[in-house]
Amino acid sequence: MSNERFQVIVVGAGLAGCSAAYRLAKAGYAVLLIERGKAAGAKNVSGGRIYSYALEALMPGEWHDAPLERQVAREMLMLMTDEGAVTVNSLFSQELQAASYTVLRSKLDDWMRKKAEEAGAMVITGVSVTQIIMKGGKACGVLAGDEELEADIVICADGANSLLAAGFAGKVSTETAALGVKMVVGVPEQDIQDRFNLAKGQGAACLMVGGCTKGLAGGGFLYTNKESVSLGIVVDSAALKGSQVRVVDLIEQLPLHPAIAPLVKGGQLLEYSAHLIPEGGIGMLPTLYGDGFMIVGDAAGLVVNSGATVRGMDYAILSGIFAAETAGKSIAAENFSASELKHYEVMLRQQVIKDMKTFKNVHAFMKSTPGLYTTYPEMAESIFKNIFTVDGRPARRISKVILESVRRHCSFWQLIKDSIKGGSAL
Amino acid sequence: MKKLSMDDRLAINKFDSADETPHIIVNCLECKSCTHKACLYACPAERYRLNDMGEVLFDHVGCLECGHCRLVCERLYSSSMGYSWNHPERGRGVIFRQG
């Protein structure tokens, strides 16, 4: 293989890497995709929802064959206390172009790998890239095992826990990362439809805030797959470290919570997994390109937390497309310098970085507003409880009940401060 | 859903971890001087344990490779002497089948 020369080497067969390799191979370039896992997807974990506009941009029409789980029709937001929950539950009919699907990455990534291979990319798995070979300040290949592989351009798609891109980009840290821990719980298909009130093929997405992280910045998530439920938590790394809360306690207690237990009743654990999420946003945005290289997906920290959704997979795909287009342009010009590859950043700025800017203060707001995870879910629960409590004592007007609940949980001044802070960040 | 012990939970996963060199190395004697020992509570697979001597022991078999210990441990993060964090080589380690 060492005699073979590639125009582009892509490191990492996740969504960003597979997308870049697929596009480059489709355009006829000699591309090598290297994955450290035994198979594409073997090392990858996500919460579980992908927005299909990105798949459509990558492979118009063809993505309909992808192994997606269920089309999300039901959105749920659960404000959780230790014992109870207030849930907003809404059913939407989605426009197809704005559709989202629940997903299990081991299946999807391997399908994407197959598409890249069919398009003509060479793929090797179970091989670790330990270093990017630099000559005269330009990336010109990779060291894989003890083999040197040469290329005009290297695309780093080695994920949130990137050791390769870290050399250029600065490492992810407790301040810029969250830890996701997830259980995939097997539940029969019909039971999922019955428990979540879904038609066949329809899925539910549920975000939890409050009790599930014991007051730490973060939250819980639940996504229904075809025959399983992805259930987990995301917790801010610095908050967890400072709190001395055992993360295992959080994930163990989640399926026992009274609002969650009936949803996974009788379920069998199919997998227990964990992964980092780069949540620093625009503030931690690294060098995205340089002479002979580009960094895509989670390795580049292309994740947006809007407060209601955490998006990374669609941006990973878009960044893969942009990197492939930039590489193609640069090969045609026979110019692999940073000044040529800057085109990648220009493309990112129009879409991905634009979104990151829109939500640039959300991460800080969510980290610095502890009430979101304690006071406010408790307040919501108490309002609902008191509104619907009838115990034979003299009845009170709803407005009075609400005011009383609010006053009992926090000062109006705190509420106003948090509202203003949230209003400007969200 | 039945509550499972960590060992039972990890036993459901697929791993290919030979008894070769672990991908994460910590120095259990040096760890004694760490004031927070965040690895003990921040690892979602409970791979770090304290023995009777107050030393931190790491078991690489069953590691989910999330990399969180690398973030919470200053010594792993800066690759101090006796500490290193790497991905397992040649596809070894956890093999997620769901993801």
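Helix 12 (375-388) and helix 13 (398-409) of chain A each give at least two residues to the lining of the second largest pocket. Helices here are DSSP runs of H or I, at least four residues, and strands are runs of E, at least two, numbered from the N terminus. This is a predicted model, where local features need pLDDT of at least 70 and side-chain atom pairs pLDDT 80 or more, while totals for chains, interfaces and linings use all residues. Residues count from 1 along each chain as written, chains are lettered from A in written order, and side-chain values use heavy atoms, without hydrogens or water.

Back to the pocket. Its volume is about 330 Å³. A pocket is an open set of points on a 1 Å grid over the protein atoms alone, where a 1.4 Å probe fits, with protein on both sides within 12 Å along at least five of seven lines; lining residues have an atom within 4 Å of a point. Volume is the space filled by probe spheres set on the points, which are joined across faces, edges and corners. The lining includes Asn386(A), Asp391(A), Arg393(A), Arg396(A) and Val401(A). It splits into six nonpolar, three polar and three charged residues.

Now the interface. Chain B brings 43 residues into contact and chain A 54, with contact meaning heavy atoms within 4.5 Å. About 4100 Å² is buried between them, 55% of it from carbon and sulfur atoms. That is accessible area (1.4 Å probe) lost on putting the two parts together, summed over both. On the chain B side, Met1(B), Tyr41(B) and Gln98(B) lose the most, together 22% of what that side buries.

How many salt bridges cross the interface of chain B and chain A? Six. The rule is a side-chain nitrogen of Lys or Arg within 4 Å of a carboxyl oxygen of Asp or Glu. Arg246(A) pairs this way with Glu46(B), closest N and O atoms 2.0 Å apart.

Over all chains, the count is 32 salt bridges. One joins Arg5(A) and Asp152(A), 2.5 Å from N to O. Arg5(A) sits before strand 1 (6-11) and Asp152(A) in strand 10 (residues 147-156) of chain A, so the pair ties together parts 147 residues apart in sequence.

How values were computed. Nonpolar A, V, L, I, M, F, W, Y, C, P; charged D, E, K, R; others polar.
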